[in-house]
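Reader: Can you walk me through this one? Show me the model to begin.
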Amino acid sequence: MERMQIALRPYSACVTQWLTESIEKFIAENPTTEISTIGLHFVYAANAPHVSLSLDTTESSDSFVVNSPDWHGEDERGKFGDNPPDYYFAEFSDFVFNDFPDLFGPEPPPTLLNITTSDNETHQYKPFEDKDAELNGIYFPFIISILKDFQGYSVMKRAKVFRVGLRAYNSDLIEFWVTDQ
């Protein structure tokens, strides 16, 4: 297979449903836990990109900031842990973009992926030539737009300062914001 087309738009509803179900599951398992940050971690693996949902508490975040002074985020409300794999409830749930080809499977992988984002822009990605940063740059804005549009945060017990964000693995792509949603 030389070329493959991947459309991200159909994933919008799937990721939103996954977030909703994951938050509902978290609340059922941790009904009294107050969350300060929801962070997704985008990881590209050889067989499929995926995002992991992690949730943090104020106490855990504050401890991380104190113990890792060079590795944290900061905004107008203060310093916070911005690395979801370090959160108290790290990798609580995963979502896999399952139509991505297995680059190391038994079938010959494509040499070119045409990835169409939700704004109908098509990006070319060459799995064995391009770096992970190129793939991160395609998926990152797509996932951010879902997080910003998501309306399901209000069902959680949240800290006074509540942040949501995304970090791409092995990348400078990090975005967190305070939300009242």
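Predicted model: local features only at pLDDT ≥ 70, side-chain atom pairs only at ≥ 80, totals over all residues.

Reader: What is the strand order in the open sheet of three strands?
Author: E1-E7-E8, with mixed pairing. Strands are DSSP runs of E, at least two residues, numbered from the N terminus. Two of them pair if DSSP finds at least two bridges between them.

Reader: Which strands stand at the edges?
Author: E1 (3–7) and E8 (122–125). Each has a single partner strand, so one side of each lacks a neighbour in the sheet.

Reader: How many bridges join E7 to E8?
Author: Four, and the two strands run antiparallel. Thr 116 has Thr 122 in E8 as its bridge partner.

Reader: Switching to rings. How many aromatic pairs in the whole structure?
Author: The search finds 13. Rings of Phe, Tyr and Trp (its six-membered ring) pair if their centres lie within 6.5 Å; planes under 30 degrees apart are stacked, over 60 edge-to-face, the rest tilted. Phe 95 and Phe 97 have centres 5.3 Å apart and planes at 85°, so they are edge-to-face.

Reader: Is Phe 95 buried or exposed?
Author: Buried, at 11% relative accessible area. Phe 97 is buried too, at 0%. The cut-offs: buried is under 20%, exposed over 50%, partly exposed in between (1.4 Å probe, protein chains only).

Notes:
Residues numbered from 1 in each chain as written. Heavy atoms only, no water.
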